Amino acid sequence: MTQGLYQHVRSTWKRPKDALPHMYRQTRMAQWRREPVNCRIERPTRLDAARRMGYKAKQGVVLIRTRVRRGGLRKGKIHMKRKPSKAGISKITMAKNTQRIAEERVARHFPNLEVLNSYWVGQDGKHKFFEVILIDTHHPAIVNDKQLGVFSRANGKTAHRGRAYRGKTSAGKRGRGLHKKGKGAEKLRPSLKANLNRGK
C-alpha cells in the first residue's frame, strides 16, 4: 500500500537516528545551540507532528523552538541537620516532565500569546529541543477559525487561559495521567489533587 507524505515524514521521525545521517543531525544541533533559547521559526521542522498538535499555516499562529536542560532535578545542598539518606540532592526526578517546563518558559516569555501544544524535535548531551505552537487569541484570523476560535478570549472563552501552567496542553494532560481511561485510572479524575495525589 502506498504511503502519503505525512506517513513518510512520521516514519522518518519515529527513528531519527536510523533515518537521518549522523553528521546532518550533529550540525543541526550545533546550529540550534548557537541560537537564542527561544527562537522564532518560520515553518515547523516536523510538519506531521505540528499538524497533529493543531498547527495551521496562518496569521496569528507562531512557532518557537526552545531548549531545556536534560537530566534529573537540580537541587542545592541543604546545610541543616539531616540524615545522609534524607539529604536528597541527586537522583531526584521532577514530577513535571521537561516538555511541560519548556511550554511554561515559552508562555512566560510571550505573555500576549497562548501555548497550544508542543512536540520534541531533538536532543544532544546537554539539552532537549522542543517546538512550541503559540496562538494570538485576539487575532481576527484565530477568532474566526473553526477549530482555533475555541481558545480565543475575544469569543468570551476563558477556559483555556494559561493552558501551559494548568496542564491543559497535550504534554500537560499526559503528565497528569489523563491519557489513561478506565481500569487503573480511577484516582486521576477530576484531578490528582482531588484524590490526595494517590493516582500516580
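The buried residues of helix α5 are covered by a set of elements that includes β1, β2 (61-69), β3, β4 (127-135) and α7 (170-175). This picture comes from a predicted model. Helix α5 itself runs over residues 98-109, 12 residues in all, and spans 17 Å from its first C-alpha to its last, close to the 16 Å expected at 1.5 Å a residue. Most of α5 is tucked away, with 9 of its 12 residues buried. Those buried residues are Thr98, Gln99, Arg100, Ile101, Ala102, Glu103, Glu104, Val106 and Ala107.

Now for the aromatic rings. The structure has 2 aromatic pairs. In one of them, the ring centres of Trp13 and Trp120 sit 6.4 Å apart with their planes at 85°, and because edge-to-face means planes over 60 degrees apart, this pair gets that label. Trp13 has a relative accessibility of 11%, so it counts as buried, while Trp120, at 27%, counts as partly exposed.

Both of these tryptophans turn up again around Arg46. This arginine lies in the loop between β1 (38-41) and α4 (47-52). Is Arg46 buried or exposed? Its relative accessible area is 12%, and since buried means under 20%, Arg46 is buried. Setting aside neighbours within four places in sequence, Arg46 is in contact with Trp13, Arg52, Tyr119, Trp120, Val121 and Glu131. With Trp120, the side chain of Arg46 reaches the backbone oxygen at 2.8 Å. Thr158 is another story: its C-alpha is 30 Å from that of Arg46, and the two residues are 112 apart along the chain.

As a rule, most residues other than glycine have a negative phi, and most peptide bonds are trans. Lys91, which is not a glycine, has a positive phi of about 60°. Lys91 sits in the loop between β2 and α5, and with 87% relative accessibility it counts as exposed. Leu196, also not a glycine, has a positive phi of about 55°. Leu196 falls in the segment after α7 and is exposed too, with a relative accessible area of 61%. Pro190 is likewise found in the segment after α7, and the peptide bond joining Arg189 to Pro190 is cis, with omega about 0°.

Terms used. Residues numbered from 1 in each chain as written. Predicted model: local features only at pLDDT ≥ 70, side-chain atom pairs only at ≥ 80, totals over all residues. Heavy atoms only, no water. Phe/Tyr/Trp six-rings, centres within 6.5 Å; stacked < 30°, edge-to-face > 60°. Buried < 20%, exposed > 50% of the residue type's maximum accessible area, 1.4 Å probe, protein only. Helix = DSSP H or I, 4+ residues; strand = E, 2+ residues; numbered from the N terminus. Contact = heavy atoms within 4.5 Å. Polar contact = N/O pair within 3.5 Å; in protein donor to acceptor, adjacent residues only side chain to side chain. Expected span 1.5 Å × (residues − 1).
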